[in-house]
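Open the model in your viewer and keep the selection tool ready.

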Amino acid sequence: ASVAKAVTALYALEKLGAGYRFATRVLATGPVAGGTVQGDLVLVGGGDPTLQTDQLGDLAARLAQAGLKGATGRFLFWDGALPRLEAISSDQPVHVGYNAAISGLNLNFNRAHFEWKRVDGAWRTTVDARGERFVPEVGMVRVDVAQRDAPLFTYAPGRVEGWTVASGALGKGGSRWLPVRDPGAYVAEVFRTLARAQGIRLEVGERVAAVPQGKEIGRVDSEPLPDVLRDMLKFSTNLTAECVGLTASGATGLSASGRAMSDWVRTTFGVAFDLHDHSGLGGR
C-alpha cells in the first residue's frame, strides 16, 4: 500500500502542479453589517486532507477579530469537492482510523478522540476533536461502554454515530482515535463550536449540494502539494492519498479515479497498472 502512494504522488504532481494548495473557505452570501452577515455563512471545503482543529480554531479567531458576530441566515456547509465515501475499503475492521471516510471537508484525518476514565466505579467517556490548543467537544459521535469482552467495538451509523466498546478491554482509563463516517457534518459541528467560543453565533450546519454565491471572508490554505505528499509518504496516510488522487483525476469514485491514474501510468511510463484506489488499501 505504501508503494502505491509513490505513484499517486507522481500523478498528483503531474496533474495539479507543485504549487497547488487545498483551500477551505468561509463565504458570506450577503454584506456584513454591525458584525452580522446579512444572509448565510457558508463553510466550503476544497478536499484538504490535512486540515486540523487548531487551524479551524485560528480561522474562527480571525473572523472574530475582524468583528464577525454571526449571521441572520443559515450556517451552510459544502463538502462536494470530492465524492462522499464512508470508507476507503469495505474489507477493513470498522474501528480502524486508517480506513478513513472521504469528503470535500475533512478534519483530523476524519477521526474523533475518544477518552475513557473509571470514576466512582462507573465509566466516564468523552468525545472531542482535540488539537494542541483547542479541544472542542463533539456531539455527533457517541461511545457507550458495554459489559462484554468481545467484540471490541460495534458501530451504528446515523445522525449521531453510535459506538459501543467492550468494558473488558478498557482497563482503568485511556484514549484512542475513532473514525468519523460523515466528515462534512463533523467539520461543520466543530467549526460551529469553535466559532461560538469566539462569540460568533451560528445555527446548526446544513449541507448544501452546490456552493452558494458569496464573498470570501476567511480561509485556510494547506501546505504546498510537495509538503503534503512528503508527509503522506512518511506516514503512509491513506486519506491524503485518496484526496490528492481524486482531486487530480476529477473522478466521481475511487474505482474510476484509480483507472484514470492507471491509464496515466500506462501512457506515461509504458507500465501495465491496475489500481482501484490511490492508497493501495483496498484488497483489489
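**Stop 1: a buried asparagine**

Select Asn 108: with a relative accessible area of 1%, this residue is buried. Buried means under 20% relative accessible area, exposed means over 50%, and partly exposed lies in between (1.4 Å probe, protein chains only). Asn 108 sits in the loop between strand 6 and strand 7. Helices (H or I, at least four residues) and strands (E, at least two) are DSSP runs, numbered from the N terminus. Check the backbone too: Asn 108 has a positive phi of about 55 degrees, although it is not a glycine.

A word on what you are viewing. This is a predicted model, in which local features need pLDDT of at least 70 and side-chain atom pairs count only at pLDDT 80 or more, while totals for chains, interfaces and linings use all residues. Residues are numbered from 1 along each chain as its sequence is written, and side-chain values use heavy atoms, with hydrogens and water left out.

**Stop 2: an exposed aspartate**

Now select Asp 120, in the loop between strand 7 and strand 8. Asp 120 also has a positive phi of about 55 degrees and is not a glycine. Is Asp 120 buried or exposed? It is exposed, at 79% relative accessible area.

**Stop 3: a cis peptide bond**

Go to the bond from Ala 150 to Pro 151. This peptide bond is cis, with omega near -5 degrees. Pro 151 belongs to the loop between strand 9 and strand 10 (153–156).

**Stop 4: the largest nonpolar core**

In soluble globular proteins, nonpolar side chains tend to be buried together. A nonpolar core is a set of buried Ala, Val, Leu, Ile, Met, Phe, Trp, Tyr and Cys residues joined through side-chain atoms within 4.5 Å. How many residues does the largest one have here? It has 41 residues. Select those with the most contacts inside it: Leu 41, Leu 43, Leu 56, Val 138, Tyr 186, Val 190 and Phe 191.

Helix 3 gives the largest share, seven residues.

Zoom in on Leu 43. Contact means heavy atoms within 4.5 Å. Leaving aside neighbours within four places in sequence, Leu 43 has contacts that include Val 26, Phe 75, Phe 77, Leu 105, Val 187 and Phe 191.

**Stop 5: two crossing helices**

Two packed helices are described by the angle between their axes and the distance between the axes. Select helix 1 (residues 2–16) and helix 6 (residues 254–269): their axes come within 11 Å and cross at roughly 85 degrees. That makes helix 1 roughly perpendicular to helix 6. Axes are lines fitted to C-alpha atoms, for helices over the stretch in contact, with angles running from 0 to 180 degrees between N-to-C directions. Angles under 35 degrees count as roughly parallel, over 145 as roughly antiparallel, 65 to 115 as roughly perpendicular and the rest as oblique.

Show the side chains. Helix 1 brings Val 7, Thr 8, Leu 10, Tyr 11, Glu 14 and Lys 15 to the contact, and helix 6 brings Ala 260, Met 261, Trp 264 and Val 265.

Stay on helix 6 and pick Ser 262. Ser 262 is buried, with a relative accessible area of 1%. Leaving aside neighbours within four places in sequence, Ser 262 is in contact with Phe 273, Asp 274 and Leu 275.

**Stop 6: salt bridges**

A salt bridge is a side-chain nitrogen of Lys or Arg within 4 Å of a carboxyl oxygen of Asp or Glu. The structure holds 13 salt bridges.

- Select Arg 130 and Glu 115: their closest N and O atoms are 3.4 Å apart. Arg 130 lies in the loop between strand 8 (122–128) and strand 9, and Glu 115 in strand 7, so the pair ties together parts that are 15 residues apart in sequence.
- Select Arg 230 and Asp 227, whose closest N and O atoms are 3.0 Å apart. Both lie in helix 4 (residues 225–235), three residues apart, about one turn of the helix. Arg 230 is exposed at 54% relative accessibility, while Asp 227 is partly exposed at 32%.
- Select Asp 263 and Arg 266, with closest N and O atoms 2.8 Å apart. Both are in helix 6, three residues apart.
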